[in-house]
Structure formats: structure tokens, C-alpha cells
Amino acid sequence: MTLGLDASTSTVGWAVAENGKIIDAGFLDTSHLETSKEKSFFVLKFLESTKYYDIIKSVNMEAALIGFMGGRTTQQTIIKLARFNAVFEYILSEKMGVKVNLCNVNTMRKQLFGKARVKGMKSKEFVKANIVNFLEVEKYDKKKK
């Protein structure tokens with residue numbers, strides 16, 4: 001079993017895959033928590049409560065953003081996310097006893113969809129348009145106020 005994580009400072013998306021097929025997925029709202037440590041242990045506690053926790057053999061986590069996204073991110077945002085990802089990676093590897101693989105988002109999209117992006121389409125739109133081929137997304141498609 002492989003655990004995939006898409007961690008931001010307000011939401012952590014997760015998916016469990018076996019033999020390349022997603023068998024369960026969801027997201028956790030961490031926006032109500034203050035510190036990186038609190039957010040990390042909140043996610044860990046959830047993972048421990050799942051039936052998958054003891055059989056997860058590897059964890060793939062999106063690597064922290066390393067550059068500005070066309071004016072949509074600030075230096076402060078990048079630093080906050082990098083700090084959270086570092087704390088989260090450390091806590092997961094120590095508590096779960098498995099290696100956390102940091103994965104480039106473009107590489108992951110390429111492996112899953114065959115290409116990383118389509119010219120003229122935002123990356124989130126590209127993923128949303130293609131993920132339906134792998135997962136029933138309706139139950140996960142929620143908007144935050």
C-alpha cells in the first residue's frame with residue numbers, strides 16, 4: 001500500500017493506492033490549527049485511525065513549492081509551506097517508520113496523466129478534468145467558504 005499526500009497549510013489531501021489503483025481518498029481541513037506540529041499530528045492521528053495505517057509501505061508527498069507561481073504566491077507563503085512540509089515529513093517518517101518520498105508535482109502529473117499540463121489551462125483545471133478517469137471525485141469536490 002502506498003499513501004499519497006498533497007499537503008498545504010490549510011488542507012491535506014490523501015489517497016491510498018494498491019498496485020497503482022486508488023482504493024480510498026479524502027482530505028482533512030487543518031486550517032483551524034496553528035502550528036506545523038499541530039497540523040502534522042492531527043493528520044497522523046487520522047491516519048492511525050484508518051484500516052490502512054499498519055499496511056502502508058511507502059508515502060509519496062508533493063514536494064514543497066520552490067518558486068513563485070506567476071504572481072499568485074508570495075515569499076512568505078513559500079516559506080510557510082516549506083516549513084510545514086519539512087515538519088510534516090519528519091513526523092511522518094519517524095512515527096510511521098516508512099520513507100517519505102518527496103515528489104515533484106509535474107513529474108507526478110506526467111506519470112498519472114501522460115503529460116504535466118496543457119497550454120492555456122491552469123494546472124488545477126487540468127487535474128480536475130483528468131482525475132475523473134481514476135477516481136469518483138464527486139464526494140471529494142467540496143468548496144471552502
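**Exercise 1. Find how many bridges join strand 1 to strand 2, and how the two strands run.**

Solution. Take strand 2, residues 11-18. Six bridges join strand 1 to this strand. The two run antiparallel. Strands here are DSSP runs of E, at least two residues, and helices are runs of H or I, at least four, numbered from the N terminus. Two strands pair if DSSP finds at least two bridges between them.

The model is predicted: local features need pLDDT of at least 70, side-chain atom pairs count only at pLDDT 80 or more, and totals for chains, interfaces and linings use all residues. Residues are numbered from 1 along each chain as its sequence is written, and side-chain values use heavy atoms, with hydrogens and water left out.

**Exercise 2. Find which way strand 4 runs beside strand 1.**

Solution. Go to residues 58-62, strand 4. Four bridges join strand 1 to strand 4, and the two run parallel. Among the partners, Gly4 has Asn60 in strand 4.

**Exercise 3. Describe how helix 1 packs against helix 2.**

Solution. Locate helix 1 (residues 36-49) and helix 2 (residues 75-96). Their axes, lines fitted to C-alpha atoms over the stretch in contact, are 9 Å apart. The angle is about 40°, on a scale from 0 to 180 degrees between N-to-C directions. That makes helix 1 oblique to helix 2, because angles under 35 degrees count as roughly parallel, over 145 as roughly antiparallel, 65 to 115 as roughly perpendicular and the rest as oblique.
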